[in-house]
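Hi,

Here is the structure I promised to pass on. Have a look at it first, and my notes follow below.

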Amino acid sequence: MRRLTPEELAARKKRNLAIAGALVAFIVLVFAVTVLNLKRNMDARTEAIAAGQPVGYAQ
């Protein structure tokens with residue numbers, strides 16, 4: 001096994017940081033979509049209750 005040059009080590013570090021950044025961005029995106037969907041469902045439920053419509057899963 002050969003030793004990596006300082007340039008190769010720097011390139012590896014940049015690549016790892018880019019992958020980590022992309023992973024964090026994806027996690028934030030999934031979290032944001034989940035929160036927005038939960039808010040949309042809570043708003044729809046509130047509107048249904050205000051309109052006197054039945055809510056829940058047992059309909």
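The protein chain has a radius of gyration of 24 Å, whereas a compact globule of 59 residues would be near 10 Å (taken over C-alpha atoms, with the globule rule being 2.2 Å times the number of residues to the power 0.38). Before you read on: this is a predicted model, local features need pLDDT of at least 70, side-chain atom pairs count only at pLDDT 80 or more, and totals for chains, interfaces and linings use all residues. Residues are numbered from 1 along each chain as its sequence is written, and side-chain values use heavy atoms, with hydrogens and water left out.

On the overall layout, the C-alpha trace spans about 70 × 20 × 5 Å along its principal axes. The chain has one helix and zero strands (DSSP runs numbered from the N terminus: H or I of at least four residues for helices, E of at least two for strands). Helix 1 covers residues 6-50.

As for the surface, 2% of the 59 residues count as buried (under 20% relative accessible area; exposed is over 50%, partly exposed in between, with a 1.4 Å probe and protein chains only). The chain exposes about 5,700 Å², and carbon and sulfur atoms supply 68% of that (Shrake-Rupley method, 1.4 Å probe; for residues, only the protein chains shown count as cover).

There is also a nonpolar surface patch made of Leu23, Phe26, Ile27, Leu29, Val30 and Val33, with about 570 Å² of accessible area together. Patches take residues with over 30% relative accessible area and no salt bridge, joining nonpolar side chains (Val, Leu, Ile, Met, Phe, Trp, Tyr) within 5 Å and like charges within 9 Å. Val33 counts as partly exposed because its relative accessibility is 43%.

Now the charges. The search of the whole structure turned up two salt bridges (a side-chain nitrogen of Lys or Arg within 4 Å of a carboxyl oxygen of Asp or Glu):

- Arg2 and Glu8 meet at 2.9 Å, N to O. Arg2 is exposed at 56% relative accessibility, while Glu8 is partly exposed at 28%.
- Asp43 and Lys39 meet at 3.0 Å, N to O. Both lie in helix 1, four residues apart, about one turn of the helix. Asp43 is partly exposed at 35%, and Lys39 is partly exposed at 47%.

Cheers
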